[in-house]
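This report looks at how parts of one protein chain pack together. Please keep the sequence and the structure in view while reading.

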Amino acid sequence: MPGESRPPGVRRVAVIAAPPVSMFNLAIPEMLFGKVEIDGRPGYETVICAPDPGPVTTTGGLDLVVPHGLDAVAAADTVVLAGSGSSTDTDPRILDALRGAAADGKRIASICTGAFALAEAGLLDGRAATTYWAYRQRLAERHPSVDLQDDVLFVQDGPVLTSSGYAAGIDLCLHVIRTDHGAAVANTVARLALVAPVRPGGQTQFTQTPLPPERGASFAHTRAWAMARLDEPLGLADLARHAGVSVRTLSRRFHAETGVSPLQWLLHQRVERAKELLETTPLAMDQVARASGLGTADSLRGHLTRRTGLTPSAYRASFNRLTAAATV
């Protein structure tokens with residue numbers, strides 16, 4: 001809680017509820033950060049706060065009781081602004097708290113329409129940012145100094161992160177967890193929360209084509225099947241055969257569900273698996289490449305460098321969890 005001591009190694013997250021706050025937005029950080037455990041101990045402490053502790057109006061017309069004031073922001077490592085039903089006239093106390101957090105070098109994030117308050121506070125001037133696609137034009141018109149990114153899930157520019165619509169807040173929080181604790185921990189949290197593994201921020205935030213009505217079936221079972229076989233030479237025909245559809249139908253409906261093609265999704269999962277192995281095992285580079293389905297050490301190097309800007313050796317040196325555990 002604000003002003004109280006916390007166990008060593010626990011990161012504190014302050015989630016600001018700006019009325020009328022979205023209950024779903026507010027629940028996302030608590031749901032995901034609350035599932036992080038490092039060596040059996042909580043990885044985060046999440047505190048929900050508001051300008052006036054007490055009842056806070058939600059977009060659904062209900063009131064939530066928020067016990068903490070904005071002093072929680074000063075005690076936090078990361079500040080998350082939940083989306084609100086209002087994109088104008090943010091409480092000046094919230095703006096001051098955000099500016100103070102930025103001046104202190106804290107990591108600051110917004111979910112959905114929370115980007116409007118960050119922009120109003122001046123924190124997005126000259127920065128790359130995003131928001132829910134339906135409000136993108138409004139944000140561009142009101143804050144032309146923002147480098148607005150079209151049709152992405154989330155954007156990180158220095159210590160400031162912004163996400164698009166509701167569910168993209170999940171992707172943003174998983175990205176924060178991966179940054180702090182590595183891909184293995186983030187993917188474990190995703191599995192516990194029954195959500196998709198960490199997705200790249202540049203993935204499209206919405207799809208133009210609705211899911212086909214026939215059978216109403218999802219390809220989630222095929223994605224889970226593929227995740228267990230990333231080291232095998234899977235292709236479109238293998239995925240289509242498992243799903244019981246044609247390659248053409250698989251490609252069309254898979255993209256409608258995930259926003260990417262089956263092979264793009266498969267490559268992303270293989271790179272994520274390689275990152276997990278680099279973080280959590282001492283395997284040689286060629287073994288990591290084979291186990292993740294990337295084939296060769298050269299292929300691993302090429303894909304990882306394009307995705308992270310780091311070679312496999314540099315990535316392991318930066319994020320290896322075995323070395324960190326040995327020094328605890």
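This is a predicted model: local features need pLDDT of at least 70, side-chain atom pairs count only at pLDDT 80 or more; totals for chains, interfaces and linings use all residues.

**The cores**

In soluble globular proteins, nonpolar side chains tend to be buried together. Here the largest nonpolar core has 33 residues. Leu32, Phe33, Tyr44, Leu172, Leu174 and Ile177 have the most contacts inside this core. Several elements each supply at least two residues of the core: strand 1, helix 1, helix 6 and helix 7. Of these, helix 6 gives the most, with seven residues. Another core, of 30 residues, lies apart from this one, and Leu81, Ala119, Leu124 and Val160 are among its members.

What does Tyr44 touch, leaving aside its neighbours within four places in sequence? Tyr44 is in contact with Val10, Arg11, Val13, Phe33, Val36, Val176, Ile177, Asp180 and His181. Strand 4 spans residues 44-49 and includes Thr46. Is Thr46 buried or exposed? Buried means under 20% relative accessible area, and Thr46 has 18% relative accessibility, so Thr46 counts as buried. Not counting residues up to four places away in sequence, Thr46 touches Val13, Val15, Pro29, Glu30 and Phe33.

**Helix 7**

Helix 7 covers residues 183-192 and is mostly covered, with seven of its ten residues buried. These buried residues are Ala183, Ala184, Val185, Ala186, Asn187, Val189 and Ala190. They pack against helix 1, strand 2, helix 6 and helix 11. After helix 7 comes Leu194, with a positive phi near 60°.

| Element | Residues |
|---|---|
| Strand 1 | 11-16 |
| Helix 1 | 23-33 |
| Helix 6 | 168-181 |
| Helix 7 | 183-192 |

**Helices 8 and 9**

Helix 8 is made of residues 220-227 and helix 9 of residues 236-243. Their axes come within 9 Å and cross at roughly 130°. Angles over 145 degrees count as roughly antiparallel, and 65 to 115 as roughly perpendicular; helix 8 and helix 9 are therefore oblique to each other. The crossing of helix 8 past helix 9 is right-handed.

Which residues meet where helix 8 and helix 9 touch? From helix 8 come His221, Thr222, Trp225 and Ala226, and from helix 9 come Asp238, Leu239, His242 and Ala243. By type, the residues of this contact are four nonpolar, three polar and one charged.

Methods. Residues are numbered from 1 along each chain as its sequence is written. Side-chain values use heavy atoms; hydrogens and water are left out. A nonpolar core is a set of buried Ala, Val, Leu, Ile, Met, Phe, Trp, Tyr and Cys residues joined through side-chain atoms within 4.5 Å. Buried means under 20% relative accessible area, exposed over 50%, partly exposed in between (1.4 Å probe, protein chains only). Helices (H or I, at least four residues) and strands (E, at least two) are DSSP runs, numbered from the N terminus. Contact means heavy atoms within 4.5 Å. Axes are lines fitted to C-alpha atoms, for helices over the stretch in contact, and angles run from 0 to 180 degrees between N-to-C directions. Angles under 35 degrees count as roughly parallel, over 145 as roughly antiparallel, 65 to 115 as roughly perpendicular and the rest as oblique. A crossing is left-handed if the near helix is turned anticlockwise from the far one by less than a right angle, and right-handed if clockwise. Ala, Val, Leu, Ile, Met, Phe, Trp, Tyr, Cys and Pro count as nonpolar, Asp, Glu, Lys and Arg as charged, and the others, Gly among them, as polar.
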